[in-house]
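Student: I am new to this structure. Please show me how to read it, one feature at a time.

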Amino acid sequence: MSNAFLTPLRRLVALALALQLAACAHGSTPQLDRRFGDAVRLSMAQQVRDPASAGNRTPADGLDGPSAHAVMQRYRASFAEPNAQAPQPVQFMLGGGSGK
């Protein structure tokens, strides 16, 4: 290719790259980023039943040892021996009930 053709082509490519970089430098997102994550933080805050409970250091009352042990044994056994019955498939009947 001739040098007369490549010089304007190189200038055109350089101009296109400069325009792309200038477009990327435009700072329009700070207005959007300022409130980014507010919905998630609000949702998490609304799921807390008692925000002051984090400072409560008294132990919670629960099951006694033998009862908790029995519950955990039944829980672990439920994965080892699933129910022997297979679930019944769901059947949909479309159309009339005449059976024809």
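Tutor: Start with the order of elements. From the N terminus on, the protein chain runs α-α-α-α. That is 4 helices and 0 strands. Helices (H or I, at least four residues) and strands (E, at least two) are DSSP runs, numbered from the N terminus.

Student: What kind of model is this, and how are residues numbered?

Tutor: This is a predicted model: local features need pLDDT of at least 70, side-chain atom pairs count only at pLDDT 80 or more, and totals for chains, interfaces and linings use all residues. Residues are numbered from 1 along each chain as its sequence is written, and side-chain values use heavy atoms, with hydrogens and water left out.

Student: What is the mean pLDDT of the protein chain?

Tutor: pLDDT is the predictor's confidence in each residue, from 0 to 100. Where it is low, the predicted coordinates should not be read in detail. Here the chain's mean is 80, and 80% of its residues reach 70 or more. Among the elements, helix α2 (residues 30-33) has the lowest mean, 67, while helix α3 (residues 38-46) has the highest, 93.

Student: How many residues does α1 have, and how far does it reach?

Tutor: The expected span of a helix is 1.5 Å times one less than its number of residues. α1 has 23 residues and reaches 33 Å from first C-alpha to last, close to the expected 33 Å.

Student: How many residues of α1 are buried?

Tutor: Buried means under 20% relative accessible area, exposed over 50%, and partly exposed in between (1.4 Å probe, protein chains only). In α1 the count of buried residues is 0, so defined. Across the 100 residues of the protein chain, 0% count as buried.

Student: Which residues make the nonpolar surface patch?

Tutor: Patches use residues with over 30% relative accessible area and no salt bridge; like charges are joined within 9 Å, nonpolar side chains (Val, Leu, Ile, Met, Phe, Trp, Tyr) within 5 Å. Areas come from the Shrake-Rupley method with a 1.4 Å probe; for residues, only the protein chains shown count as cover. Phe5, Leu9, Leu12, Val13, Leu15, Leu17 and Leu19 make a patch of about 680 Å². Phe5 sits in helix α1 (residues 3-25). Phe5 counts as partly exposed because its relative accessibility is 46%.

Student: How many salt bridges does the structure hold?

Tutor: Side chains of opposite charge can pair when their charged atoms come close. The rule for a salt bridge is a side-chain nitrogen of Lys or Arg within 4 Å of a carboxyl oxygen of Asp or Glu. The structure holds 2. Arg35 pairs with Asp38, the closest N and O atoms being 3.5 Å apart. Asp38 also meets Arg41, at 2.9 Å, N to O. Together, Arg35, Asp38 and Arg41 form a network.

Student: Why are Asp38 and Arg41 separated by about one helical turn?

Tutor: Because they are 3 residues apart in helix α3. As for cover, Arg35 is exposed at 62%, and Asp38 is partly exposed at 29%.

Student: How many aromatic pairs are there?

Tutor: Rings of Phe, Tyr and Trp (its six-membered ring) pair if their centres lie within 6.5 Å; planes under 30 degrees apart count as stacked, over 60 as edge-to-face and the rest as tilted. This rule gives 1 aromatic pair. The ring centres of Tyr75 and Phe79 are 5.1 Å apart and the planes stand at 90°, so the pair is edge-to-face. Tyr75 and Phe79 lie 4 residues apart in helix α4 (residues 65-80), about one helical turn.
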